[in-house]
Amino acid sequence: MQSWSDTALPTIPGAGPPLRLYDTADRQVRPVTPGPTATMYVCGITPYDATHLGHAATYLTFDLVNRLWRDAGHEVHYVQNVTDVDDPLFERAARDGVDWRDLGTREINLFREDMSALRIVPPRDYIGAVESVDEVIEFVQKLLASGAAYTVEDAEYPDIYFRADATEQFGYESGYDRATMERLFAERGGDPDRPGKRDTIDALLWRAARPDEPSWPAPFGAGRPGWHIECAAIALNRVGPEFDIQGGGSDLIYPHHEYSAAHAEALIAGRRFARHYVHAGLIGLDGEKMSKSRGNLVLVSKLRAAGVDPAAIRLGLLAGHYRRDRMWTDTVLADATARLDLWRRATTHTSGPAAEDTVARLRQHLADDLDTPKALAAVDNWANQALNYGGHDPAAPALIATAVDGLLGVQP
C-alpha cells in the first residue's frame with residue numbers, strides 16, 4: 001500500500017540528550033536504546049471514517065519520536081498498518097450503501113491527505129490487512145501447530161482462537177487484573193460469550209467464512225484475520241522481534257496490544273515483542289469523551305476546510321502532554337493560532353537574542369518523555385524576548401525556525 005508524501009527534515013546544529021519514554025509495561029520512564037536503525041510499529045486506522053483529532057494526536061506523538069531519532073542520527077524503520085478488512089468497515093459500508101472496498105479506499109486517501117497536511121513523516125512500510133492475509137495464515141498455522149491456538153468445534157463456523165494462557169507473561173503489558181481484562185475485552189471488540197471458547201478472554205485469530213463477508217482460502221478453512229494477529233504478523237515480518245517501540249492510543253493497551261504481543265511471543269518463544277510500549281492519551285471535546293457514537297468527532301479535514309492552519313492543529317495538540325487525556329476546545333485552538341502567529345512574527349525578524357540555549361532546552365524537554373508543554377514554553381520565551389527586547393544575533397531567527405521545523409514539525 002502506498003504511503004503519503006515524504007516530509008523533508010532540516011539539519012539542526014548540535015545534538016540533544018538520548019530519548020527517554022514512559023514504558024507502559026514497566027510503568028516508568030526509561031531510556032530508549034535503538035541501534036543505528038531505530039524500529040517502530042504504530043497501529044493505523046480502520047478506514048471507515050475520516051481522521052479525527054484523536055488519530056492526529058497519536059500519530060503526532062510518534063512523529064515526534066521519529067524526528068528525535070533522526071535528529072540523533074538514526075535511520076528509522078517505521079511501520080504502520082491499515083485494518084482495511086473489519087466489521088466496522090462492513091457496517092459503515094452497508095449503512096451508506098457503498099462497497100466496503102470503495103469506502104476503505106476513500107478514507108485511506110483522506111487519511112493520507114490529512115497526514116501530509118500535518119507534516120507527519122510517513123512510515124517506510126504502510127501495510128494493509130488485505131495484503132498481509134498470507135502472512136497471517138502462516139502465523140495461524142504455526143500457532144495451531146504449537147498448541148497456542150485451537151479451533152472452536154462449531155459445525156457451522158469453526159473460528160480459531162488464541163489461548164490467553166499460551167504465554168507465561170500474558171498480561172505484563174497492561175498490568176490489568178482479570179476483572180478489568182474481562183470488562184475491557186467485552187467493551188473493545190471481544191466476544192466473551194462465544195460458545196465453544198475455552199476461556200472467555202481467548203482472542204479471535206481467524207474468523208471462519210460467513211455469508212456476505214469477504215474471505216480468503218486457508219489450509220484450516222476459508223475466512224479472514226482477527227484484529228490482533230494482523231499487527232503481530234506485519235510487525236514481525238517487517239521489523240522483527242524486540243523492535244524498539246510499539247505505539248498507539250491508550251485505548252489499544254488492552255486488548256489489542258496485549259494480544260498482538262502475546263501472539264508474537266508465542267511464536268518467538270517468549271521473547272518480548274517490543275522493547276518499549278508507548279501509548280498516547282485520548283482527546284475529548286469540550287469536557288466530553290470524543291467518540292463516533294456521540295457524534296462529536298472533530299475531523300482534521302473539516303478543520304482544514306474551514307481554513308485552520310494545520311500547524312495550529314499541531315500546536316494545539318502539542319500543548320498538552322502526550323500521555324494525558326485532554327480536551328480540544330475553541331480556546332485550545334485560539335491559543336495555538338496565537339502561538340503560531342507569535343513564532344512567525346519572531347522568526348521573520350532580521351535578528352534576535354541568541355538561540356543556542358533555546359534549541360538545547362527544546363531538545364532536552366522533548367527527550368524527557370516528549371515534554372511538549374515545556375518545549376513550547378521555551379520557544380515562547382525566545383519569541384517574546386525577540387519581539388519585546390530585540391537582539392543582536394542575525395542567525396538566531398533562522399536557527400529557531402529550523403529547530404521548530406525539524407523537531408516539532410511546525411514551519412513558523
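Start by selecting helix H10 (residues 330–347) and helix H13 (residues 396–408) in this predicted model. Their axes come within 8 Å and cross at roughly 140°. H10 is therefore oblique to H13, as angles count as roughly antiparallel when over 145 degrees. Two packed helices are described by the angle between their axes and the distance between the axes.

Next, show the side chains where the two helices meet. On the H10 side, select Trp343, Ala346 and Thr347. On the H13 side, their partners are Pro397, Ile400, Ala401, Val404 and Leu408. Sorted by class, this contact between H10 and H13 has seven nonpolar residues, one polar residue and no charged ones.

Now turn to the cysteines. How many disulfides does the structure hold? There are zero. Select cysteine 43, which is in no disulfide; the nearest cysteine sulfur belongs to cysteine 231 and is 3.8 Å away.

The last stop is serine 301, in helix H8 (residues 300–305). Is serine 301 buried or exposed? Its relative accessibility is 16%, so serine 301 counts as buried, the cut-off being under 20%. To see what surrounds serine 301, select Ala50, Thr51, Leu110 and Asp114, which are its contacts once neighbours within four places in sequence are left aside.

How values were computed
Residues numbered from 1 in each chain as written. Predicted model: local features only at pLDDT ≥ 70, side-chain atom pairs only at ≥ 80, totals over all residues. Heavy atoms only, no water. Helix = DSSP H or I, 4+ residues; strand = E, 2+ residues; numbered from the N terminus. Buried < 20%, exposed > 50% of the residue type's maximum accessible area, 1.4 Å probe, protein only. Contact = heavy atoms within 4.5 Å. Disulfide = S-S within 2.5 Å. Axes fitted to C-alpha atoms, helices over the stretch in contact; angles between N-to-C directions. Parallel < 35°, antiparallel > 145°, perpendicular 65-115°, else oblique. Nonpolar A, V, L, I, M, F, W, Y, C, P; charged D, E, K, R; others polar.
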